[in-house]
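Hello,

Here is the structure I promised to pass on. Please have a look, then read my notes below.

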Amino acid sequence: MKFFIAFCFAFCVLAANCQTIRVGLYTEKSLESIELSGFSGQYLLISDSIVKEISPKDILDVKIIEGNQMSLFLNQKFYSSPSKISLIQLQCINTLLIQSSSSNLKKISFEGDFEISLVEKRLNIINSLDIEDYIKSVVVSESGINLDLEYYKVQAVISRTYAMKYWQRHENQSFNMCNTTHCQVYGLRNNTNLLIDSAVKSTRSLVMKYKDDSYYPTFFHANCGGQTSETDYIWNEKMACFKSFQDTFCRKTKQANWEKEIPLEKWSKFLTEKYNFPINDESSIVLMSNFIQEKRMAFFIHPRYGIPLRDLRDEFDLKSTFFNCQVKDNIVYLKGKGNGHGVGLCQEGAIIMASKGYDFKQILAYYYTDMYLDKIVKLRLNR
Ligand SMILES: [Zn+2]
Ligand SMILES: [Zn+2]
């Protein structure tokens, strides 16, 4: 048995060195205590130099005591005060549940290996797993259910490309990605989705690159409203790979249109205070009332007023910057198209393309200009 454990341990560590991604969990929370339970399969618990095999029924509690000491409890009995705890899976398909009592977090299932340490008075949890298993979880979290296989392949390539592009983003915290929206949401994979598993498997190692061989910026949004956006309309940077174009696939979908009413007083206050817009001038109301975007624009009314549409979107929580405006009876009526920033891939357009029989390569090429697909060579060679 000892030999078997040593063999599995060596195998997993070896495999981990080759193809794993390190994900920081709950990085935005200040975790002071967590419970680990629901072990599926066997894990080795390593607390400093003490090694113990954990059974599926065991429950581990990790708590910070007096702000500077980590204590480990096994089945509610004190076990040790280690500086670092590792949980190593003995088969590479194991999962466990993590729950935090201090932050009222739901129990979430994670797979792979874990390291827990005390960093700046909070529990630092790093989850290591095969990058392809990580991608499966991200696709579940970022996509809806009941979609076509080709659409899941699109999401798998996007998520893998994103992970590779920002591989060193959290380097100073000793992991690659966090599991919040700052990087990619991950860890909600309660049920296995066979279609997503198949999409990840059949796109294994595939990533998108730009013609200069850099990883392609994988921006996407819910619906572009029929026209994608240039990057400098939304952010300050102009990125040559994103050219605005007419998207004919998303115009009749759920999020294609929106409407919003805003009191004129609130709207006017923002425009006068922030941009010195001459709101009391009768002609200003006429100008606002006739604001129509047949194509996406960067500024409200005219660039000379210096009112970026993205500022209006932020201030009034608008679904997009792609809207027309009318003023009547002291109410500003906005009629808009799309949902999201409009840069890169339009998810609803891509979903329609997949349902019409386009394959994932055609869909990616439609939204990401001058993109080509490449393999993560290093990971493939190390396999
Ligand atoms: Zn992050
Ligand atoms: Zn679209």
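**The seven-stranded sheet**

An open sheet of seven strands runs in the order β4-β3-β8-β11-β12-β1-β13, and its pairing is mixed. Its edges are β4 (50–54) and β13 (177–178), each of which pairs on one side only. Helix α2 (residues 131–142) packs on this sheet. There, α2 touches β1 (20–25) and β12, and its direction makes about 110° with that of β12.

One pairing in the sheet is worth a look. Strand β11 (residues 113–119) and strand β12 (residues 122–130) are joined by seven bridges in the antiparallel sense. Asp113 has Ser128 in β12 as its bridge partner. As background, strands of a sheet pair through backbone hydrogen bonds, either parallel or antiparallel.

**The chain as a whole**

Please keep in mind that this is a predicted model. The chain has 383 residues, and 40% of them count as buried. Its secondary structure comes to 10 helices and 20 strands. The C-alpha trace spans about 85 × 50 × 35 Å along its principal axes.

Start with β5 (residues 60–65) and β6 (residues 69–74). These strands run antiparallel, and six bridges join them. Lys63 stands opposite Ser71 in β6. Three residues lie between the two strands of this hairpin, where Glu66 takes a positive phi near 55°.

β6 also pairs with β7 (residues 77–80). That pair is antiparallel too, with three bridges. Phe73 stands opposite Phe78 in β7. Two residues separate β6 from β7 in their hairpin, and Asn75 in the turn has a positive phi of about 50°.

Phe78 deserves a stop of its own. Is Phe78 buried or exposed? With 10 other C-beta atoms within 10 Å, Phe78 is exposed; the cut-off for that label is 12 or fewer. What is Phe78 in contact with, leaving aside its neighbours within four places in sequence? The answer is Ser71 and Phe73. Leu60 is 18 residues from Phe78 along the chain, and their C-alpha atoms are separated by 9.9 Å.

**Helix α5**

Next, go to helix α5 (residues 264–275). The helix has 12 residues, so at 1.5 Å a residue it should span 16 Å. Its end C-alpha atoms are 16 Å apart, which agrees.

Which residues of α5 are buried? They are Trp267, Ser268 and Leu271. Seen down the axis of α5, the buried residues fall within an arc of 95°, so they line one face of the helix. These buried residues pack against β16 (257–263) and β18 (331–337).

The other side of α5 has exposed residues: Glu265, Lys266, Lys269, Glu273 and Lys274. Just after the helix comes Asn276, with a positive phi of about 60°.

**Where to look in the viewer**

Then follow β6 between its two partners, joined by six bridges to β5 and by three to β7.

Best wishes

Technical notes. Residues are numbered from 1 along each chain as its sequence is written. Chains are lettered from A and ligands numbered from 1 in the order in which they are written. This is a predicted model: local features need pLDDT of at least 70, side-chain atom pairs count only at pLDDT 80 or more; totals for chains, interfaces and linings use all residues. Helices (H or I, at least four residues) and strands (E, at least two) are DSSP runs, numbered from the N terminus. The expected span of a helix is 1.5 Å times one less than its number of residues. A residue is buried if 20 or more other C-beta atoms lie within 10 Å of its own, exposed if 12 or fewer, and partly exposed in between; C-beta atoms are placed from the backbone. The arc is that of the directions from the helix axis to the C-beta atoms. Two residues are in contact if their C-beta atoms, placed from the backbone, lie within 7 Å. Two strands pair if DSSP finds at least two bridges between them. Axes are lines fitted to C-alpha atoms, for helices over the stretch in contact, and angles run from 0 to 180 degrees between N-to-C directions.
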